[in-house]
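Biologist: I'd like to learn how to read aromatic pairs and strand pairing in a model. Can you walk me through one?

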Amino acid sequence: MTNESAQTIVLGDVEIIRIVEWQGPFAPARTLVPDAGAEVWKDNEEWLAPDHWAPESDSAVMALQTWVLRSGGRTVLVDTGVGDGRERPHSPHFHRRQDGFLGRLERAGISPEDVDVVVNTHLHADHVGWNTRYSEGAGEWVPTFPNARYLLPAADDFHFGPANAYGGGLREEDRLIYGDSVAPVHRAGLVTLWDGSHRIDENLVLESAPGHTPGSAVLRLASGTDRAVFVGDLLHSPVQILDPTRASCFCLDAAGAADSRRRILERAADARELVVPAHFGGAGAAEVRREGTGFALAGWAAYDGTAGVRR
């Protein structure tokens, strides 16, 4: 299903707008998170269903979405979804989609020319798609956001880019993704590669959190007394919060991803950072607390346009 409405919260001086490209059952639950057995989903059905698990089909429910941050007088996009008209033959959910994402941005009051910064937390297909659009006039893919700096993790750019594509064993789909969604912004001179950490402004800083991909990153927000962390694909399902050793089937380095996930969740629990994953349905963001050797949910985000997060 799709969600036409934008949702807004305010943390400190930062307005956060959630734009949903698509939401629905995505994959068998135990395919998505292989280490979470049937009992994990069943025992937590009361709060997993229907936003994160569809019991009738045993499918994990996920969202494709972009977070728009208005911070320091600039507009920042965090991940850009799948994009329309992409050749993704290995990914049926992503292949030749037509979702009208730019129309949703427009209805939220954001035109492509308004965007100052694009953050790709990593370079998988569902995080870079709207980096570009196809120009019939030019006959090629061109940057969707012509006035933006595109912040790309250097380790991912190397891993998925042409320097590693030949003899590096990359999949055909990786080459397709880089070719239509990453290479064009390089050619336009709009890319900033970063490693370790990168401060965007007084409220926002990027930090490396490798494992899911070599350059996977999180974006930390600190403004006034409010805190949040946009964790990309460190989390695909809330069952990974309960036990951070559970990797998704998409993690290139499961052990490294688990280490990053635990570190980020520990800090989030201790600092009361709102955890904002790329793919959670429902409220889309949660607070966590420590519980035993893992973590538990302390509450979900609430959207009302002005009041921010209810704690």
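Biologist: Is Phe-26 buried or exposed here?

Modeller: This is a predicted model, by the way. Buried means under 20% relative accessible area, so Phe-26, at 17% relative accessibility, counts as buried. Phe-250 is partly exposed, with a relative accessible area of 36%.

Biologist: How is a pair of aromatic rings described?

Modeller: By the distance of the centres and the angle of the planes. Searching the whole structure turns up 7 aromatic pairs. One of them joins Phe-26 and Phe-250, edge-to-face, at 6.4 Å centre to centre with 65° between the planes. Phe-26 sits in strand S2 and Phe-250 in the loop between helix H10 and helix H11, so this pair ties together parts 224 residues apart in sequence. Both also belong to one aromatic cluster with Trp-22 and Phe-94.

Biologist: And what about Trp-67 and Phe-230?

Modeller: Their ring centres are 6.1 Å apart and the planes lie at 65°, so that pair is edge-to-face. Trp-67 is in strand S4 and Phe-230 in strand S14, so parts 163 residues apart in sequence are tied together. Trp-67 is buried at 3% relative accessibility, and Phe-230 is buried at 1%.

Biologist: How many residues of S14 are buried?

Modeller: 6 of its 7.

Biologist: In which sense does S14 pair with S13, and in which with S15?

Modeller: With S13 the pairing is antiparallel, over 5 bridges, and Ala-222 stands opposite Arg-227. Their hairpin has 2 residues between the strands, and Gly-224 takes a positive phi near 60° there. With S15 the pairing is parallel, over 4 bridges; Val-229 has Val-275 as its bridge partner.

Conventions:
Residues numbered from 1 in each chain as written. Predicted model: local features only at pLDDT ≥ 70, side-chain atom pairs only at ≥ 80, totals over all residues. Heavy atoms only, no water. Buried < 20%, exposed > 50% of the residue type's maximum accessible area, 1.4 Å probe, protein only. Pairing = 2+ DSSP bridges. Phe/Tyr/Trp six-rings, centres within 6.5 Å; stacked < 30°, edge-to-face > 60°.
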